[in-house]
Amino acid sequence: MKVLQNLINGRFVEANASERLDVPNPATREILAQVPLSGGEDVDRAAAAAAAAFESWSQVPPAERARVMFRYRDVLESHKDELARLVTLENGKNLDDARGEVRRGIEVVEFACGIPTLLMGSVLPNVSREIDSEMIRFPVGVAAGITPFNFPCMVPMWLFPVAIACGNTFILKPSERTPLSANRLAELLLEVGLPEGVFNVVHGAKEVVNRILEHPAIKAVSFVGSAPVAKYVYQTAAAHGKRVQALAGAKNHHIVLADAPLQKTVDILIGSAYGNAGERCLAGSVVLIEEAIADEFIQRLTEAVDRLQIGDGMEEGKELGPVIREEHRARIVHFIETGVAEGATPIRDGRIVDASVGKGFFLGPTLFDGVKPDMTIAREEIFGPVLSMIRVRDLEDAIAVANRSELGNAAVLYTSSGHAARVFREKMQAGMLGVNIGVPAPMAYFPFSGWKGSFYGDLHATGRDGVEFYTKKKMVTTRWLHD
Ligand code: NAD
């Protein structure tokens, strides 16, 4: 059985772990590897290596650091299919989604290739008589990234390419449920000549995270994961004097107006709600549908749900893969039970899956009608292939319901009215909006900008925010004395 190793100071080494977890393929339950639950000393070693490497890496000219990113981009491009297969293997999403994930990750590396321009400061001569002011940027030091299971390639790549290009060194703590992609990304970084210690990987869970949060050498922490852990990470890292960005959970509302082209809307919505088995932080979870078209729309949606191909994402044409683990499957089943108990109507019930689909952690698509805003399934993040329909009077009513959510990651409007789209843009309390776009993911050069309980911090991941997060500013005020 392959046991994963940590990457510390440019070498893969055995973790100092008392425990290991199996990493199954969620589609087959075949054990792919074991992941060590590293201890605090593994973090200490990684932090020491990263702190030592920072001394020289931060002095490498930005254009040379960019060249590493250009080479990394090329290597990733030539390994993109291999990486996508690895994502499908350990996460269960289908190959098309996995390819999309790798592509989005590569785009962050492409963004980081522009680091010489992105790092430029600013100068104002003569702020006062014969006095000049300049603002220049410096890397913050050792940064750490703690990432979730649902995008094992892309989410780490939101973080480390920008951090490293800015001149920082980095420690990645990947999800213990999908740890394989991180090691492959690390191997490819070593191939392109990144100096030892600049990028480190420590596998594990809570113990590793806690050591990262309190370690004096680690100056910045990026977290992506569920809302309760995000809040904990934000508070704990901040209490230890670190800068933190913590991207959290989601409950995304999709509003369908009567003037939306219905069949196209159905097709987009199906991809958003059931793609990646609903395990996306941008997944559509609640549909607010105008009463006037609700019956016809739900009829069409049900027909589309019935056409969904369930199965192993490695097989061509499969649209709905397994969820990540048996425990997660049980949690989703519990949400479905709660929905039924609270009075919602399951038009399609995913708890019953044909055995021919396979041995994995499969759930069929669930579609609820008659959902009320206060029901558990309308309020809490389910993170599975479950979609809830709430009937509303109009756009204003829909926005009012959606804005009651404690989370504010994404929201989507389906309409052909420019005016409605504008009202939605202005009034919707969420940070990533889509107009007729089911998964409104910002591209690498923009911030991934969740609102409310979906984000803790102020500078988001990727884009200019990413550069600001991984750098600190220095102001120099100069007067040249002369007689
Ligand atoms: P998770 O919170 O369980 O785990 C995320 C990371 O935190 C993992 O590395 C894990 O090891 C660590 N962790 C888990 N519990 C911990 C604890 N008690 N103490 C310290 N560390 C802990 O999240 P997940 O299930 O891997 O991922 C799914 C969640 O991530 C969903 O809520 C989803 O919405 C969210 N997510 C958000 C975004 C975003 O951009 N906002 C993106 C992707 C995923």
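Is Arg393 buried or exposed? With a relative accessibility of 64%, Arg393 counts as exposed, where exposed means over 50% relative accessible area, buried under 20%, and partly exposed in between (1.4 Å probe, protein chains only). Before going further, a word on what you are looking at: this is a predicted model, in which local features need pLDDT of at least 70 and side-chain atom pairs count only at pLDDT 80 or more, while totals for chains, interfaces and linings use all residues. Residues are numbered from 1 along each chain as its sequence is written, and side-chain values use heavy atoms, with hydrogens and water left out.

Let us stay with Arg393 for a moment. Arg393 forms a salt bridge with Asp397, and their closest N and O atoms are 3.7 Å apart; a salt bridge here is a side-chain nitrogen of Lys or Arg within 4 Å of a carboxyl oxygen of Asp or Glu. Asp397, at 17% relative accessibility, counts as buried. Asp397 is also one of the buried residues of helix H14, along with Leu395, Ala398, Ile399, Val401 and Ala402. Helices (H or I, at least four residues) and strands (E, at least two) are DSSP runs numbered from the N terminus. H14 spans residues 395-402 and is mostly covered, with 6 of its 8 residues buried. What lies over those buried residues? The cover includes strands S12 (252-256), S13 (284-290), S16 (386-392) and S18 (410-414), together with helix H15 (418-427), contact being heavy atoms within 4.5 Å.

Now step back to the chain as a whole. It is divided into domain 1 (6-248 + 454-478) and domain 2 (252-435), with bounds that come from an automatic or database domain assignment. The C-alpha centres of domain 1 and domain 2 lie 31 Å apart, and the contact takes 24 residues from domain 1 and 24 residues from domain 2. The size of an interface is often given as the accessible area lost when the parts come together. Between domain 1 and domain 2, the buried area is about 2200 Å², with carbon and sulfur atoms giving 55% of that; this is the accessible area (1.4 Å probe) that two parts lose on being put together, summed over both. The count between the two domains is 2 salt bridges.

Other salt bridges are worth a visit too, as the count comes to 29. Arg29 pairs with Glu326, with 2.8 Å between the closest N and O atoms. In helix H7 (residues 180-191), Arg184 and Glu187 sit 3 residues apart, about one turn of the helix, and their side chains meet in a salt bridge (2.5 Å, N to O). Arg184 is buried at 17% relative accessibility, whereas Glu187 is partly exposed at 32%. Arg73 and Asp74 also meet in a salt bridge (3.4 Å, N to O); Asp74 is partly exposed at 47% relative accessibility, and Arg73 is partly exposed at 23%.

A search of the whole structure finds 9 aromatic pairs. Rings of Phe, Tyr and Trp (its six-membered ring) pair if their centres lie within 6.5 Å; planes under 30 degrees apart count as stacked, over 60 as edge-to-face and the rest as tilted. Trp158 and Phe448 have ring centres 4.2 Å apart and planes at 40°, so this pair is tilted. Because Trp158 belongs to helix H6 (residues 154-165) and Phe448 to the loop between strand S19 (432-435) and strand S20 (451-452), the pair ties together parts that are 290 residues apart in sequence. Both Trp158 and Phe448 are buried. Elsewhere, ring pairs link Tyr72, Phe160, Phe170 and Phe199 into a cluster.

Some rings have a charge over them, meaning that NZ of Lys or CZ of Arg is within 6 Å of the ring centre and within 35 degrees of the ring normal. Lys93 lies over the face of Phe151, 3.6 Å from the ring centre, and the charged end of Lys474 sits over the ring of Phe138, 4.3 Å from its centre.

Finally, look at the backbone. Most residues other than glycine have a negative phi. Asn436, although not a glycine, has a positive phi of about 60°; Asn436 lies in the loop between S19 and S20 and is partly exposed at 30% relative accessibility. Thr462, also not a glycine, has a positive phi of about 65°. Thr462 is in the loop between strand S21 (455-456) and helix H16 (463-469), and is buried at 5% relative accessibility.
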